[in-house]
Amino acid sequence: MQEKYIDETKQGEAFAIAERPENSKKLFLESYGCQMNFSDSEIVASILNEQGYNTTMKVEEADLILLNTCSIREKAEQTVRMRLSQFKNLKKEKPNMTVGVLGCMAERLKTKFLEEEQLVDLVVGPDAYRDLPNLLKETEDGRDAINVILSKEETYADINPVRLGGNGVTAFVTITRGCDNMCTFCVVPFTRGRERSRDPHSILQECKDLWNNGYKEITLLGQNVDSYLWYGGGPKKDFAKASEMQKATAVDFAQLLDLVAKAVPEMRIRFSTSNPQDMSLDVFRMMAKHDNICKYVHLPVQSGSNNMLEAMNRQHTREEYLDLIKKAKEIVPEVAFSQDMIVGFCNETEEDHQDTLSLMKEVEYDYGYMFAYSERPGTPAHKKMEDNIPADVKQRRLAEVIALQGELSRKRMAGYVGKVHQILIEGVSKKNKNQWKGRNSQNAVCVFDMSEGQKIGDIVDVFVYDNTQGTLLGRVAE
């Protein structure tokens, strides 16, 4: 499980599901960016499946092309623009084809896409997917169609997502939408709106349905899962106005974890993404209480410097973050952490950079997602701060962060050697067709030789005898 330096120029991922014989139209759906986007694509496919669309992996046979987009970094947007320009030629050959942009870029760049560059026919924001059938009727009548209105209520709780591609073993279950944390570098609150939580009963039902359909692991998903709070509906920010009964019966994230762990006791449970200022120690207590909650947390920090954390409006200090990690390890000694790190943020000094490196050494992350800062239009940082760190300095600092994470990853992986781990078989190893690949509770990837009678979805006791920087090497335990 090596350190993750994201290739933001990578093309999106397209998926297909089993065809409905009565459906006559073809949908090509490509997703970019975070896990939330991939989860949203499953909702979109479900809605359009009911409207007569089967998914296809061949873009040239599509009647409808949809790109579910990411606005988090500039390169991600450039990649989508290049992809859209490729479809322009295809549209000349198939004039009746509809091309649409979904997700965060749709909300942020609606006017540019439709009017200035005329790249698309359809622009749909993250809270407007239910409106897709109506919007598609407008495009059929020769009009451009747009709905990027952000909702304070929409959670798509009643829509049963189709599962696009995947291995039939692991699945995402969205529990919150939107974000109230106004980090100065981040565009998400402006593209996904206010934070609201999904009815826990619908979450539990989806988890049970997944188990009954053969899934063995779920990831509870949200921009900020730790601030999950269900009190009958509505934005989290309005909780103060809730009735005394609503407050008394409210469900927070730790309680939701407890409910899910009991509802599907043999299902592996993960969650992402967490935010330090909202993370409760009760979450780690639930992790310790239930064997089926995986001992792994993705806990973004972004910087090890208090100066940078304040400038980023992260709402926690270096000391508070490290104290949370320390207490978490006391409650769950075997817990593993991964990070998000931004280098070269506005006014970052060499001392700030060294603070990041020292924090990484103290935490000893299993792996991380590391980026050089790129300015996002519309964010507080773009409006009020100067992106004043030279590109070569950003790249040098990023290289140092990546190199250090490589050392930490090797050390963490070596710590799993000599022990037996429960590995959920997720598929065949890409490098060796005679080996399985899967992950342990701490999210470390493990490969091991196949044995007769094993299949994808089995949980196998594996003795780990060696490691590389990113992978555990094992054999089935005697």
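In this tour, a contact means heavy atoms within 4.5 Å. The structure is a predicted model, in which local features need pLDDT of at least 70 and side-chain atom pairs count only at pLDDT 80 or more, while totals for chains, interfaces and linings use all residues. Residues are numbered from 1 along each chain as its sequence is written, and side-chain values use heavy atoms, with hydrogens and water left out. Helices (H or I, at least four residues) and strands (E, at least two) are DSSP runs, numbered from the N terminus.

**First stop: helices 10 and 12**

Select residues 281-289, which form helix 10, and residues 318-331, which form helix 12. Two packed helices are described by the angle between their axes and the distance between the axes. Here the axes come within 9 Å and cross at roughly 25°. Such axes are lines fitted to C-alpha atoms, for helices over the stretch in contact, and angles run from 0 to 180 degrees between N-to-C directions. Helix 10 and helix 12 are therefore roughly parallel to each other, a term for angles under 35 degrees.

Now display the side chains. L281, F284, R285 and A288 of helix 10 meet L324, K327, A328 and I331 of helix 12. The residues of this contact comprise six nonpolar, no polar and two charged. Ala, Val, Leu, Ile, Met, Phe, Trp, Tyr, Cys and Pro count as nonpolar, Asp, Glu, Lys and Arg as charged, and the others, Gly among them, as polar.

**Second stop: helices 12 and 13**

In helix 12, R318, Y321, L322, I325 and K329 meet D355, S358, L359, E362 and V363 of helix 13. This contact has five nonpolar, one polar and four charged residues.

Next, select residues 414-478, where an unreviewed UniProt entry places the feature "domain: TRAM"; UniProt annotations may be inferred rather than shown by experiment. This stretch is 2% helix and 51% strand, and its end C-alpha atoms are 21 Å apart.

Colour strand 19 (residues 435-439) and strand 20 (residues 445-449), which pair in the antiparallel sense over five bridges. Two strands pair if DSSP finds at least two bridges between them. G438 stands opposite C446 in strand 20. The two strands form a hairpin with five residues between them, and N443 in the turn has a positive phi of about 75°.

Definitions and conventions:
Parallel < 35°, antiparallel > 145°, perpendicular 65-115°, else oblique.
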